[in-house]
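Please open the model in your viewer and keep the sequence panel beside it.

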Amino acid sequence: MNICRNNFFCCEGITKNYNNEPVVKGISLELPCGGLISLAGPSGAGKTTLFNVLAGVDKPDEGRVLLDGEDITGICGRVSYMLQKDLLLEYRIVIDNVILPLLIRGEKKKTSREFAAGFFSMFGLEGYENKYPNELSGGMRQRAALLRTCITTKAKGQTDRSPVILLDEPFSSLDAITRRRMQSWYLSIAQKLNISTIFITHDVEEALILSDTVYILNGKPGIITHKIDVQPERPRKSNFFVSREFAEQKSFILEAIED
């Protein structure tokens, strides 16, 4: 079955080898436009390897990656990728950290600053454009890093199309209260900007709160062992995380990861 036929972003049959040994094998994922899916599983199952392929950083040994019907396998820059650490440069003010990918791409500094400034209020960073990263809280640093990631695709003249963003445990370094606030905030931002997102997370609760679908990547080589469509569908009530449905799905996912 060709899962890419009717899906905005997808991969089919991705296998990636290192030293002639497969790290991930036969991976297929589907991400609808504006959707959020999570990739969960134990450490060492190949989640980051798969993200490198989806982002075009590495080429797969088998399979392909498609965006809106176009084969983008091995092409960098079509999908944005944010690593676990914020990677803000301490010697650059916040706005210049945010526009760094645009400058690397050859865009003018003044134009890039003007473009980025329009997003600072939406990301809760208004008034911090000229601050340095060490003057920001942990949550604000993550919002700045997310803004940098979001505008990388938004600034390509493709504002009518949903940006695809890969987030590798973006909130794992935050305390529990800040993490929950950031999760709610990201859901709001993703809706406003029509962002399509794939998360890597080791936090099952986070996967359930954020996602439409959770994929379990397990084994060596890593393969997709389960696909869980989270119920009820988004938008969910604020008390979802204390509901019976939440508890049952959490238990199922934990068992699937431990298999």
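The stops below begin with the overall chain and then turn to selections that can be made one after another.

This is a predicted model, in which local features need pLDDT of at least 70 and side-chain atom pairs count only at pLDDT 80 or more, while totals for chains, interfaces and linings use all residues. Residues are numbered from 1 along each chain as its sequence is written, and side-chain values use heavy atoms, with hydrogens and water left out.

**The whole chain**

Select the protein chain in cartoon view, where 8 helices and 10 strands can be found; these are DSSP runs numbered from the N terminus, with helices being H or I of at least four residues and strands E of at least two. The C-alpha trace spans about 50 × 40 × 35 Å along its principal axes. The radius of gyration of the protein chain is 18 Å, which agrees with the value near 18 Å that a compact globule of 259 residues would have; it is taken over C-alpha atoms, and the globule rule is 2.2 Å times the number of residues to the power 0.38.

Colouring by accessibility comes next: buried residues make up 49% of the 259 residues, where buried means under 20% relative accessible area, exposed over 50%, and partly exposed in between, with a 1.4 Å probe and protein chains only. Of the contacts between residues at least 6 apart in sequence, 67% join residues at least 24 apart, a contact being heavy atoms within 4.5 Å.

Strand 1 (residues 9–18) pairs with strand 2 in the antiparallel sense over 7 bridges, and cysteine 11 has leucine 29 in strand 2 as its bridge partner.

Within strand 4 (residues 62–67), pick glutamate 62. Not counting residues up to four places away in sequence, glutamate 62 touches Gly13, Ile14 and Thr15. A distance drawn from its C-alpha atom to that of tyrosine 81, 19 residues apart along the chain, gives 21 Å.

**The hairpin**

Move to strand 9 (residues 213–218) and strand 10 (residues 223–229), which pair in the antiparallel sense over 6 bridges. Isoleucine 216 has histidine 226 of strand 10 as its bridge partner. The two strands form a hairpin with 4 residues between them, and glycine 219 in the turn has a positive phi of about 95°.

**Two buried residues**

Glycine 41 sits in the loop between strand 3 (36–40) and helix 1 (47–54). Its relative accessible area is 4%, which means that glycine 41 is buried. Which residues does glycine 41 contact, leaving aside its neighbours within four places in sequence? They are Lys47, Thr201, His202, Leu217 and Ile257. The C-alpha atom of glycine 41 is separated by 21 Å from that of phenylalanine 9, 32 residues apart along the chain.

As a last stop, select serine 112 in helix 4 (residues 109–117). Serine 112 counts as buried because its relative accessibility is 1%. Leaving aside neighbours within four places in sequence, serine 112 is in contact with Ile99, Leu102, Leu103 and Glu107.

Key:
Two strands pair if DSSP finds at least two bridges between them.
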